[in-house]
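Have the viewer open as you read.

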Amino acid sequence: MRDFEFRFPTRIVFKKGVFKKAGELISPFGEKFLLITGQRFAQEHGLVDALKEQLPGKRLIHFKGITPNPKVPEVENAVSLAREEKPDAVIALGGGSVMDAAKYVAAMALSEGSPWEYATGERKFRASLPLITIPTVPASGSEADPYAVISNPETKEKRGLYSPYFWPRLALWDPILTHSLPVKIIKDGVVDIISHALEGYISGEEAVLQNGFTEVIIKQVMEAWERVSSGYREAMEILCWASTLAISPFLSAGRGGHFVLHGIEHALSGVYDFISHGSGLAALLIPYLEVVGEKRPERVSSLTKALFDVYHWETGISEWREWMEKQGLMQTLKGLGAKDLSLVEEKAWETSRDRLESVDLTREDLRKILEKAYD
Ligand SMILES: [Fe+2]
């Protein structure tokens, strides 16, 4: 295990029904709030009105319409509103895209320039408004992490950014809000959580505690999905907490590693904006394991041993593929509508070469992953 410093500054209130108490918990942050939501879910389920009712005497300015794979222009619009209105805090009510966009908005309200200049590392954040997250989807872990992803439709690129100013101040995790999610969204989330947990396991240094947590999280997410898909929505609470843990420093501290699979997926959904992050990962996960298994057989083997009680990595991945297919989680790039894989390959190599090489993957290996994922 390598040396590390541990920091987890987000206060998390994980409680069934906590949304009904959101006003009380948010009030101390000020008098004026900028609420960021997606296109439909929060409004259609009455969550925006319910939140307004809980904040009597406070101003709640609503910016709606953040799309999946949040884009620079829509984030810029929200940033203009934040700079004009000068709220005391930003509230993100929605899934990973909404929370990621809100992280940019909260930080950019106090900074100059455009979001893409920060995404590419040209500028660095120095401050942020307090950010409160109310996640409605268990997937990204964005409710309590320092990362945000943004897409640039002009360059067809999608970039993940770490900033210490992205840490939300407060996260209100109410699993009941997730009970009415469409199955497709839950499926995407399941694959995203599994992917977050295994990235460092495959690419990082040996760390037995962190790897043990990872094995338990992935196994429990798989079991929770089986229960949820057979109609037992109460198991959503396992997915909710797993989404926060899977990307947290509880797993990454002392282990390090890189988001290699995510690097490939970001290139994919950067080029094909209509492919959701979770669906892209669902197409790439097994091909990635098959190719990286040749470079890191001991890592992949110990993971398949923990999950399927199969030590040999190739047999283990076959079991994993079978499980994904049986559970309706498997996707193909062809089925998702991706056509030109050479552009995806080029973008992935350009933006994630370091990550790929950290697990000894070459450009040919990258091509192999994409080809295997195609059909
Ligand atoms: Fe992800």
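## Ground rules

This is a predicted model, where local features need pLDDT of at least 70, side-chain atom pairs count only at pLDDT 80 or more, and totals for chains, interfaces and linings use all residues. Numbering starts from 1 along each chain as its sequence is written.

## The whole chain

The protein chain has 17 helices and 8 strands, taken as DSSP runs (helices: H or I, at least four residues; strands: E, at least two) and numbered from the N terminus.

As for burial, 50% of the 375 residues are buried, meaning 20 or more other C-beta atoms, placed from the backbone, lie within 10 Å of the residue's own.

## Helix α12

Helix α12 covers residues 277-295. Its 19 residues reach 25 Å from first C-alpha to last, close to the 27 Å expected (1.5 Å times one less than the number of residues). Of those 19 residues, 17 are buried, so the helix is largely enclosed by the rest of the structure.

## Residue E345

E345 sits in helix α16, residues 341-358. It counts as buried because it has 20 C-beta neighbours inside 10 Å. Leaving aside neighbours within four places in sequence, E345 is in contact with L366, R367 and L370; contact means C-beta atoms, placed from the backbone, within 7 Å.

How values were computed
Buried ≥ 20, exposed ≤ 12 C-beta atoms within 10 Å, placed from the backbone. Contact = placed C-beta atoms within 7 Å.
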